[in-house]
Amino acid sequence: MYTAAEDRYGKMLYRRAGESGLEMPVFTLGFWHNFGESGDYEEMRRMVYTAFDNGVTSFDLANNYGPPGGEAERNFGRILKDGLSSYRDEIIISTKAGYPMWPGPYGKGGGKKYLVSSLDQSLKRMGLDYVDVFYHHCPDPDTPMDETADALAYIVQSGRALYIALSKYDAKGVAQMTELLSHYHVHPVLNQVRYSILDRAFDRDNLFVNLNRLGVGSAIFSPLAQGLLTDKYISGEVPVNSRAHENVYLKESVITAGLIARLEELRKIASARGQSLSQMALSFVLAQRSVSTVLIGARNTEQLMENLRTLETDIRISDDEMREILSYA
Ligand SMILES: NC(=O)c1ccc[n+]([C@@H]2O[C@H](COP(=O)([O-])OP(=O)(O)OC[C@H]3O[C@@H](n4cnc5c(N)ncnc54)[C@H](OP(=O)(O)O)[C@@H]3O)[C@@H](O)[C@H]2O)c1
């Protein structure tokens with residue numbers, strides 16, 4: 001039987017999700033990759049227990065994570081059953097729906113029928129009565145926003161989720177959804193966005209400032225640019241066990257001599273700060289306004305621990321360091 005480390009809460013920092021009462025660990029374990037059918041179950045379980053032993057109380061899933069879709073939730077359900085469920089009241093479980101999940105018109109988007117039935121399927125796969133956070137995974141331009149808001153509010157009112165969150169919404173979309181949900185006395189707690197030293201597209205939208213104004217926190221995904229912001233590719237070689245080698249979500253072609261030269265400079269800055277490149281990349285994201293939690297994906301426990309050890313270093317970034325980092329971004 002699993003017994004969690006007693007000192008776990010002393011190892012983590014917690015931040016509020018926007019203006020809500022929900023406190024999130026600054027690092028959440030993400031299940032997009034490495035929790036599918038071809039993964040090693042023992043390693044998955046080790047990662048989850050290691051995360052929780054280090055104060056990571058938040059686990060980020062989605063209906064379509066696997067592969068195949070649904071498999072990450074199934075594996076997480078198994079880990080809960082194997083022992084983690086005795087800590088159910090100490091953990092935040094999130095799932096999402098929005099991307100295509102099953103054939104036909106009711107298996108995707110932002111309509112009420114899809115969102116409610118998808119969450120029911122997710123609950124069944126994980127063996128849960130409720131999730132803590134339910135996300136609309138991506139905006140759906142084909143469904144009226146007030147229907148999506150109605151579905152999200154219903155999900156909370158029916159007890160299927162405690163909190164509602166958004167993903168990949170721009171500042172205008174978050175503002176509109178926040179307004180629509182206010183009619184139901186529901187406030188979105190988070191918006192999930194991709195952000196890293198190498199990908200700051202949302203800065204153009206002034207997203208973080210706007211989220212802050214709306215009282216919505218942000219959950220950052222791909223903070224390591226899917227592994228680019230680590231030592232992994234600096235030699236110019238693409239290791240077999242890597243996302244770039246899989247060449248699906250991270251294309252090998254992005255690893256150019258120009259990128260490697262920038263990564264080398266960034267690594268020098270990190271080293272002067274007493275951090276690895278990945279630890280500086282995580283500190284960079286944590287320095288942004290309104291960031292409540294940073295979602296980290298890891299292939300194994302060693303990667304996870306290197307990332308969590310960021311909190312053993314000084315995560316503050318001075319203005320001069322920030323300017324220097326951005327000059328290679
Ligand atoms: N809302 C959305 O639409 C959305 C989209 C994407 C992701 N997400 C969420 O965000 C989570 C994180 O996204 P992500 O996986 O792209 O994040 P990421 O942290 O940028 O990338 C994770 C990958 O980086 C590599 N890595 C991590 N730590 C490392 C280390 N210390 N040393 C060397 N390599 C390391 C591993 O790649 P290798 O596998 O190559 O070893 C790992 O799989 C996902 O799991 C998911 O929960 C949400």
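# Close-up views of a predicted model

**Figure 1. Strand β10 and its two partners.** Ala219 has Thr293 as its bridge partner in β10. The model shown here, and in every view below, is predicted. Strand β10 spans residues 291-296. Strand β9, residues 217-221, runs parallel to β10 and is joined to it by 3 bridges. Strand β3, residues 27-30, also pairs with β10 in the parallel sense, over 3 bridges. Look here for Leu29, whose bridge partner in β10 is Ile296. How many residues of β10 are buried? The count is 6 of 6, and the strand is mostly covered.

**Figure 2. The shell around the ligand.** The ligand is surrounded by 29 residues. Which of them are closest? They are Gly30, Trp32, Phe221, Gly227 and Gly297. Two elements, β10 and α10 (301-308), each give two or more residues to this shell. Helix α10 gives the most, with 3 residues.

**Figure 3. The largest nonpolar core.** This core holds 87 residues. Six of them have the most contacts inside it: Phe76, Val133, Ile220, Ala281, Val285 and Val294. Which helix supplies the largest share of the core? Helix α9, residues 277-286, does, with 7 residues. Now pick out Phe76. Setting aside neighbours within four places in sequence, Phe76 is in contact with Phe31, Phe35, Phe59, Leu61 and Met126.

Figure 4. Most peptide bonds are trans. The bond that joins Gly66 and Pro67 is cis, with omega about -5°. The bond from Pro67 to Pro68 is cis too, and its omega is near -10°. Where does Pro67 sit? Pro67 is found in the loop between β4 (58-60) and α2 (71-82). Pro68 lies in the loop between β4 and α2 as well.

**Figure 5. Asn34, a residue with positive phi.** Most residues other than glycine have a negative phi. Asn34 is not a glycine, yet its phi is near 75°. This residue is found in the loop between β3 and α1 (41-53). Is Asn34 buried or exposed? Asn34 counts as buried because it has 21 C-beta neighbours inside 10 Å, and the cut-off for buried is 20 or more.

Figure 6. Lys168 is not a glycine either, but its phi is positive, at about 65°. Lys168 lies in the loop between β7 (161-167) and α5 (171-182). With 17 other C-beta atoms within 10 Å, Lys168 is partly exposed. The reason is that 17 falls between the limits of 12 or fewer for exposed and 20 or more for buried. Leu166 has Asn191 as its bridge partner in β8. Strand β8, residues 190-194, is mostly covered, with 4 of its 5 residues buried.

**Figure 7. Ser276, a buried loop residue.** Ser276 has its place in the loop between α8 (257-272) and α9. Why does Ser276 count as buried? It has 20 other C-beta atoms within 10 Å, so it meets the cut-off of 20 or more. Leaving out neighbours within four places in sequence, Ser276 is in contact with Asp231, Ala270 and Glu306. Ala161 is 115 residues apart from Ser276 along the chain. Their C-alpha atoms are separated by 37 Å.

**Figure 8. The whole chain, for orientation.** The protein chain has 11 helices and 10 strands. Its C-alpha atoms fill a box of roughly 50 × 45 × 40 Å, taken along the principal axes. A compact globule of 329 residues would have a radius of gyration near 20 Å, and the 19 Å of this chain agrees with that. What share of the 329 residues counts as buried? The share is 45%. Take the contacts between residues at least 6 apart in sequence: 77% of them join residues at least 24 apart.

Notes
Residues are numbered from 1 along each chain as its sequence is written. This is a predicted model: local features need pLDDT of at least 70, side-chain atom pairs count only at pLDDT 80 or more; totals for chains, interfaces and linings use all residues. Two strands pair if DSSP finds at least two bridges between them. A residue is near a molecule or strand if its C-beta atom, placed from the backbone, lies within 6 Å of it. A nonpolar core is a set of buried Ala, Val, Leu, Ile, Met, Phe, Trp, Tyr and Cys residues joined through C-beta atoms within 7 Å. Two residues are in contact if their C-beta atoms, placed from the backbone, lie within 7 Å. The radius of gyration is taken over C-alpha atoms; the globule rule is 2.2 Å times the number of residues to the power 0.38.
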